[in-house]
Amino acid sequence: MAEAEGNGVRVNFPSTDSSVPGSKDGKLHSDPVSFRWPARVYWEDTDAGGVVYHARYLAFMERARSEWMRARGWGQEILRARDDLVFVVRAMEIDFRAPARLDDQLEVSVALVECRGASFVVAQQVLRGDVVLIEATVKIAALAASTFRPRPIPEPLQSELKKNLVESP
């Protein structure tokens, strides 16, 4: 199992061995202000030439954001059921720098750069080793799950998020 610790929360992630493939130190990168999630490129992610289709990066980044929240103790299903809260992507700016290819081992980073009453902004990168393939800024809005109307982020979560703020890259 790979482990992530964030603000006193330890989460075990299944893996085929005790390390995270492709990670320089064999561990999942997670601390109070940064997070990296591993991703492997499969045939389903690529075009006929073995290059990742641009929309697949959105899925890689979505998974990393979900795991970033979970590693901090705020699983999205719990937020929906207990707090009537869901998060949706409101806006996204993406810079495609270089392609990923079939069987590449990637890491997707998440860093919180802004936190407001009913939204927050994360900076994300998709990396292959030290090479930045994608950079994105993602604005996330908080909605009531029952109505899909904007709502404030609950105070305990708002406070936790603010502890994770980093300066914009």
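The legends below describe close-up views of a predicted model.

**View 1. Confidence along the predicted chain.** The chain has a mean pLDDT of 84, with 79% of its residues reaching 70 or more. Over residues 1-32, by contrast, the pLDDT is below 50, although this stretch has 63 contacts in the model beyond near neighbours in sequence.

**View 2. The open antiparallel sheet.** Five strands are arranged in the order β3-β5-β6-β7-β4, and their pairing is antiparallel. β3 and β4 form the edges, each of them pairing on one side only, and from one strand to the next the twist averages 25°.

**View 3. The pairing of β4 with β7.** These two strands, β4 and β7, run antiparallel to each other and are joined over 11 bridges. Within this pairing, Phe87 has Ala142 of β7 as its bridge partner.

**View 4. The largest nonpolar core.** This core holds 34 residues, and those with the most contacts inside it are Trp68, Phe87, Phe120, Leu157 and Leu161. Two or more residues come from each of β3 (35-40), α1 (56-71), β4 (85-96), β5 (105-115), β6 (119-128), β7 (131-144) and α3 (155-163), with α1 giving the most, namely 7 residues.

**View 5. The surroundings of Phe87.** When neighbours within four places in sequence are left aside, Phe87 is in contact with Met69, Leu79, Phe120, Ile140, Ala141, Ala142, Ile153 and Leu157. Of these partners, Phe120 and Leu157 are also listed, together with Phe87, among the residues with the most contacts inside the largest nonpolar core.

**View 6. Helix α3 against the sheet.** α3 lies across β4, β5 and β6, and runs at about 115° to β5.

Key
Residues are numbered from 1 along each chain as its sequence is written. This is a predicted model: local features need pLDDT of at least 70, side-chain atom pairs count only at pLDDT 80 or more; totals for chains, interfaces and linings use all residues. Side-chain values use heavy atoms; hydrogens and water are left out. pLDDT is the predictor's confidence in each residue, from 0 to 100. Contact means heavy atoms within 4.5 Å. A nonpolar core is a set of buried Ala, Val, Leu, Ile, Met, Phe, Trp, Tyr and Cys residues joined through side-chain atoms within 4.5 Å. Buried means under 20% relative accessible area, exposed over 50%, partly exposed in between (1.4 Å probe, protein chains only). Helices (H or I, at least four residues) and strands (E, at least two) are DSSP runs, numbered from the N terminus. Two strands pair if DSSP finds at least two bridges between them. Axes are lines fitted to C-alpha atoms, for helices over the stretch in contact, and angles run from 0 to 180 degrees between N-to-C directions.
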